[in-house]
Amino acid sequence: MKTRLLFILPLVWLCLQPLFAQDGGWKAGVASVKITPQQSVWMAGYANRDRPAEGTLHELWAKALALEDASGQRAVLVTADLLGIPQGLSNRIRDRLQEEMQLSRAQVLLNSSHTHCGPVLEDALYDIYPLDDAGRLAVAHYSAELEEQLVTLVRQAFADLEEVQIFAENGVSRFQVNRRNNDAATLHLQTALKGPNDYAVPVIKVLDKTDRVKAIAFGYACHPTVLSFYQWSGDYPGFAQLALEKKYPGATALFFQGAGADQNPLPRRTVALARQYGETLAAAVERVMSEEMKALAPELQTAYQEVDLGLNSPPSTAVLREMASADASYQQRWAARILQESEAEKPLPTTYPYPLQVWKLGDQPIFSMGGEVVVEYAIRLKRIFGPEAFVLGYSNDVMAYIPTATILQEGGYEGASAQMVYGLPGTWSADIEVKIMDGVCKLAERLGVRQVSAPLWPE
Amino acid sequence: MKPLPNNLYRSLACRWWTTACVLLTFFCFSACQEQAAQLRVATFALDASPQIGSPVAYAPARSIVDSLSIRGMVILSDEEPVVLCAVDWLGIANEGMQRWKESLAEAAGTSPERVSVHALHQHDGLRCDFTVEKILASYGLAGTKYDTTYLLAKIAEAAGAVKQAVTQAQPVTHLGFGQAEVQQVASNRRILGADGKVKLIRWSKSTDPEAIAAPEGLIDPWLKSVSFWNDDKALAVMTYYAVHPQSYYGQGDVTCEFVGIARNRREQAMEGVPHIHFNGAGGNVAAGKYNDGSPERRPLLAQRMEEGMRKAWENSIKRPLQAEDLQWKSVALKLPLGKHLVETDLRAILASDTTTADQKFYAAKHLAWLLRTEQGHQISISALKLDNIRMLNLPGEIFIEYQLAAQQMLPDAHVVTAAYEEYGMGYIGTEKAYAEGGYETSKRASRVAPESEKILMEAIREVLR
């Protein structure tokens, strides 16, 4: 009998061991910092604003969710109520995180909500704002301060690491409207909206040891352009975060923007509407949180690469001269600057290093891309990797709109003229979509993200 | 009554029943065997004209002058069914061809290897290639060359027609074969100079006196006709002739051209006996010597074709046909790629904002063929043997030399050739033609290497064996 027990006990121990191995799970930490400018600064996003901000509807926030898996692999998601973190600022922050905290580019995800009621940042969209020197200086000061705040934020989030459980699931909310294919002015007459859309509400739920909600990271693919006034505001994502933090006291709610470059919240322009969309989104998140969510195994993988996207040449000198001599506008300022640079024989960029990032939390894939990514990319990625995938735009660098090849060909704002808003010398080259999809698929392959259908043509 | 005789009676009755059942089963089995061995054919036909405004080969369709059609036959025997199909389109390629074969195979209850789908290559007909469309779409040029929704719907409709046809198959007792020379339609496109190089290209239409004066050159003058009979009732006729079917084209005035017009007239003259026409290996054969591109020439060329079809029919000799006379042979192979197909170069053309739409389209076609070949997709060479007839199926815009060589391989049999099956590789010249210059073997027009000839000839020999 004793001999038999000697055999059985180790087996029982082996079977039960995973149940007791609690210290081999996820760890997560959160931190938040108020980033509402304290001085007078111009607001980002619209070319027609003619003065700096005049007040605050609600505070702007930057938040961080630090993650560590069972094997000690780390990553951090930073979200912010900003139009977009431009390349220079993003690189400075990520370089410092590499240097000070040994976090590689793959491990850091900087996403901005794209609110149009946040501050202008250094070296971003300068052609569209009629800033004077004082205005530029204020932007520079704010940007330098923001850099410090975001680095500190990440450090605080990692200092807060504790044992947690992490869950993921997609919800749904339908207030986005494809703005290329539906006319806002006559929308009230339409009985059916035209796509494409992606109504998913990706949700990550973080529970602490006492099953209290510690963090909710959630997203949506839609421009936060309900508001266009002179008050600091997170727009609908700001309202959504406030609603969730009220619903789950003590929890940190982080909003990340999806591939919502061609999606608008319609109708828009009133605070009540921004609140409505925010609370609608929060309700969608709450529904997901209250139902069973997929528990993620404590395995974190991250991958990152920059692909060189080609830029076409600017229009001819004659066309530029004509544009530059027109009445003052962002197109006029852009043409004048490009002309000046080409006359000074300053070489114009022909490519742009475009950031792509893939994370895998357990078996949950998260795809992040730079720039204002149109919704079709999310649709395509979900076709390849399954509808449960999370897709983020506006991540790690916001340098321009990222159209599909078809939208590029069609032109319009997202396909062509927005390049001037961003100050780029020409439109993207026609292989933009091929390069991005190929790049993402390669990163995903590296992490072993499961494909549910054949990836690219030809099948 | 005593039980014994009763039992005996019952026993005898039982034996009688057993014997009757055994005999009946044997009889049924033999009858079924005979039924299974009986060759049957089912024909199908449906319209294949594009919608006005949707892209045809060189322009959006602006009028339907002569409607296009899909015509085919399912051949049923004790083997898996064979499907032969001819479509009044420019060409069917890559995943377009794959879809066609898979859909018709499923509908006929056979395997895609036993389905052969051919275009007739009319230049105001449609293109069908989902691979090139995907490539164009990924570079923002979706829908410029293909109406995918229509194409998919049409393939599904054709599959439905096949399914329906099979239920109405009719027995075949005899097979007819006849041939006749077609006068003043075909001429070789490549006129060689004294140095052995192509000095003049004689396109489908020509007003150049030198091109018109030059001899016809290498063609196959024979229009061949195969007819299927149930005793005295003609069930269907298939004709084969190798020539580019162009009189004039390019404005989107959709037409089945002189070959289709001749076919339709013959069908009318034959009081509705289904007529399926296939284009032969006419990659380097066109009507240029006899066609100046004026509108009057189309009916004239149609008349000459019709005349050839009529004579071939009248010359036909019927022979009894058994199911064991049928044999299908198919060889899957990969043709060596043209050296000019370099993925990075092709992608650069597609990405550039200085290349033309035409350059991008050719780059997409090259890239599609390159990627499909590299992914291991193969093309098929096949032949259906019916008695002393071999119905050979060849890919691409293949040169007449292949058709003539196939006939020479089996001098005692009648070899009929249908080309323009897989269209993805473009033209297929002979090995020496690649060194002689001209359009067909140029980097634009052909995506295979000169070494393809040996592989193809060997495959033809194999399927005709």
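Reply: The model is predicted. To begin with domains, their bounds come from an automatic or database domain assignment. Here, chain A is divided into domain 1 (24-302 + 355-402) and domain 2 (314-343).

Me: How many Å apart do the C-alpha centres of domain 1 of chain A and domain 2 of chain A lie?

Reply: These two C-alpha centres are 34 Å apart.

Me: How should I read the contact between the chains?

Reply: The size of an interface is often given as the accessible area lost when the parts come together. In this model the contact is given by residues: 18 residues of chain B are in contact with 14 residues of chain A. On the side of chain B that touches chain A, at least two residues each come from helix H2 (94-108), helix H3 (130-138), helix H8 (343-351) and helix H9 (357-374) of chain B. H3(B) gives the largest share, five residues. By class, this side of chain B has nine nonpolar, four polar and five charged residues.

Me: How do I read a strand pair, for instance strand S11 of chain B and strand S12 of chain B?

Reply: In a regular strand the side chains alternate between the two faces of the sheet. S11 (residues 190-192) and S12 (residues 198-201) of chain B pair in the antiparallel sense over three bridges. B:Arg190 stands opposite B:Ile201 in S12(B). The two strands form a hairpin with five residues between them, and B:Gly196 in the turn has a positive phi of about 80 degrees.

Me: How many residues has the largest nonpolar core?

Reply: This core has 267 residues, and A:Leu65 and B:Leu104 are among those with the most contacts inside it. Helix H3 (residues 133-159) of chain A supplies the largest share, nine residues.

Methods:
Residues are numbered from 1 along each chain as its sequence is written. Chains are lettered from A and ligands numbered from 1 in the order in which they are written. This is a predicted model: local features need pLDDT of at least 70, side-chain atom pairs count only at pLDDT 80 or more; totals for chains, interfaces and linings use all residues. Two residues are in contact if their C-beta atoms, placed from the backbone, lie within 7 Å. Helices (H or I, at least four residues) and strands (E, at least two) are DSSP runs, numbered from the N terminus. Ala, Val, Leu, Ile, Met, Phe, Trp, Tyr, Cys and Pro count as nonpolar, Asp, Glu, Lys and Arg as charged, and the others, Gly among them, as polar. Two strands pair if DSSP finds at least two bridges between them. A nonpolar core is a set of buried Ala, Val, Leu, Ile, Met, Phe, Trp, Tyr and Cys residues joined through C-beta atoms within 7 Å. A residue is buried if 20 or more other C-beta atoms lie within 10 Å of its own, exposed if 12 or fewer, and partly exposed in between; C-beta atoms are placed from the backbone.
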